[in-house]
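Please keep the sequence and the model at hand while reading.

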Amino acid sequence: MEEKTIQIAGSITVDELATALGLSVTELIGTLFKNGIVATINQRLDYETAQIIIDELGIENVKLERKNTSTKTSDFHRELSDKAVTRPPVVAVMGHVDHGKTTLLDTLLHKKTVDDEAGGITQHISAYQLKHNDRLITFLDTPGHEAFAAIRQHGAMLTDIVVIVVAADDGVKPQTVEAINFAKTANARIIVAINKIDREGADVNRTMADLSQHGLQPEEWGGDIVMVPISAKMNQNLDQLLDMILLTADIEELKADIDIPAEGLVIESHMEVGKGSVVNLLVTGGELKTGEFIVAGNTYGKVRTMLDWQGKPKGKATPSTPVTITGFKELPSFGDRFIEVKDEKTARKMALLNAQAAADETASANVTSGDLLRMMNVADNTKTFNVIIKGDVLGSVTSVVDSLKLIDTKGEITLNIVSTGVGDINENDVYMAAGGNTVIYGFNVSVPVNINKMAARDGVPVRTYKVIYELLDDAKHEMENLLDAEIIEEDKGELKVLGVFRTEKTSIIAGGEMLTGDVKPGYLARVIRNKKYLGEVEVTSVQKEKMDVNVLVAGETGGLAMKTTSKIELAINDRLKFFTREEHKKSL
């Protein structure tokens, strides 16, 4: 039988899937019902769910295929024309936290940014330009902590060259390896800046050897990776590093078309009072001018103002130039492609089409594979942690959400992102959280006094942070509090009953011989008769030779006083199997 291909752009309705499979809607709905899903004819299923259902039905001649409608950076490539001109290189600076990449940029640009970032750690992508030997170089400073992997990956995708900063006194670290992998995934050329050579304990050769273990062979050792020993703090060998960047750019023959509608990528966006949406763009082709209409994802706007990286007005931006603009109707998504169009009507229509495609891809799928797998697992006892995330910029929100999803909950906690947004925490956030056991997290945003009072009145936890590790630690602690305590039992010993002296409704006094282990006051015991379980008792006191003692061990005989919640008729030759039971709070 000929194989049939079904294309799914994000999601598909039950009716559409039934038609594509040649089944009756009733049959498909029945299969869903058997797997715990009560579905209607117009209910939408995501790609993974459709695949699971096809597998459940045992249909072998059908192949599912994702129909790509995304406008994200990784899906965007343009063939250059014969008129393409040389453009400046776009360089991402990456590396492990505290290895000095922001200090490197500060020294190159003669500015100070470290103190502006909470905890001295870069928390957004920042774009800069400098001139060396009368040539421009565009730099992207990307966050170094693992919590900002999403931002850093976008940073790699935007770039031609990745400068990986490695401290000579610390060597290769996990985020160094992450940066190497990102650069390779983005097909970017790699240059290594071996920093902090002025420090005691700095060892350039050892650092080069470490890097070679991760696939970066130095040119000095017969490889193809340029490695420049520098001291960002002491401004040592930085000109040599810039020379290497320009040489690499020349080898790559970096070009762009300028005689085309302007296009590029959204690298950051946020709202500002009096300005509306403020969006950082990197132009990749054409020339962006004030007054032009542009579309990014499901929003559009007219470029009202345009500033360069130093905040100076700019009338025109050429390829590889970072700019900050105002004029978008709504905030575009981090990492979206933008493109210039001829007028507002075209912009509005294109944004609407993009919104519909995005809805098909994500929002309209109201039964996901995760839902289905949870419903198919009858033993699923997971608890839900509800959160609302507000951040100063979209990139921050993306990173917080992605980082929360990376917390290993061991399958016991389901993270439910109730909503996300950019800007200060407001009334609507509190309304959504009220009564839903929801925590509102703010990252680099504030909480107005009236909103704080409202949240306190409604019992809504509102927590704001400027350092992402602290936010993640709090979320992890909240999730741990949802976990049921783990009951741990430990076998301690066994006694053979030789005499029963008194039996009452809630207490027993008996004597016997310890066969194994020991018994102490506070131990629990299972009463076993001929391998049959009769009940459970708790040892309240232990006697040996009519004297109270702390312990009775194997080979000794003695008496026990025990309490029980239900009457047990203990008899000679019964066995008491002693154990301890403790509740341990689980951790993630």
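The model is predicted: local features need pLDDT of at least 70, side-chain atom pairs count only at pLDDT 80 or more, and totals for chains, interfaces and linings use all residues. Residues are numbered from 1 along each chain as its sequence is written, and side-chain values use heavy atoms, with hydrogens and water left out.

- Helices (H or I, at least four residues) and strands (E, at least two) are DSSP runs, numbered from the N terminus.

**Helix H14**

- The 15 residues of H14 (residues 468-482) should span 21 Å at 1.5 Å a residue, and the end C-alpha atoms are 22 Å apart, which agrees; the expected span is 1.5 Å times one less than the number of residues.
- Buried residues of H14 are Ile-468, Leu-471, Leu-472, Asp-474, Ala-475, Met-479 and Glu-480, where buried means under 20% relative accessible area, exposed over 50% and partly exposed in between (1.4 Å probe, protein chains only).
- The cover over these buried residues includes strands E21 (383-391), E22 (413-422), E23 (438-443) and E24 (462-465), together with helix H11 (394-406); contact means heavy atoms within 4.5 Å.

**Strand E9**

- In strand E9 (residues 161-167), 7 of the 7 residues are buried, so the strand is largely enclosed by the rest of the structure.
- Ile-161, Val-163, Val-165 and Ala-167 point one way from E9, while Val-162, Ile-164 and Val-166 point the other way.
- Strand E6 (residues 90-95) runs parallel to E9 and is joined to it by 5 bridges, with Ile-161 in E9 as the bridge partner of Val-91.
- Strand E10 (residues 189-195) pairs with E9 in the parallel sense over 7 bridges, and Ile-164 stands opposite Val-192 in E10.

**Ring contacts**

- There are 2 aromatic pairs, counted where ring centres of Phe, Tyr and Trp (its six-membered ring) lie within 6.5 Å; planes under 30 degrees apart are stacked, over 60 edge-to-face and the rest tilted.
- Tyr-128 and Trp-309 form an edge-to-face pair, because their centres are 5.6 Å apart and their planes stand at 90 degrees.
- Tyr-128 lies in strand E7 (residues 126-132) and Trp-309 in the loop between strands E17 (299-307) and E18 (316-317), 181 residues apart.
- Tyr-128 is buried at 8% relative accessible area, whereas Trp-309 is partly exposed at 23%.
- Tyr-441 and Tyr-465 form a tilted pair, with 6.4 Å centre to centre and 40 degrees between the planes.
- Tyr-441 is in E23 and Tyr-465 in E24, so this pair ties together parts 24 residues apart in sequence.
- Tyr-441 is buried at 0% relative accessible area, and Tyr-465 counts as buried at 16%.
- Arg-526 lies over the face of Phe-579, at 3.8 Å from the ring centre; the criterion is NZ of Lys or CZ of Arg within 6 Å of the ring centre and within 35 degrees of the ring normal.

Terms used. Pairing = 2+ DSSP bridges.
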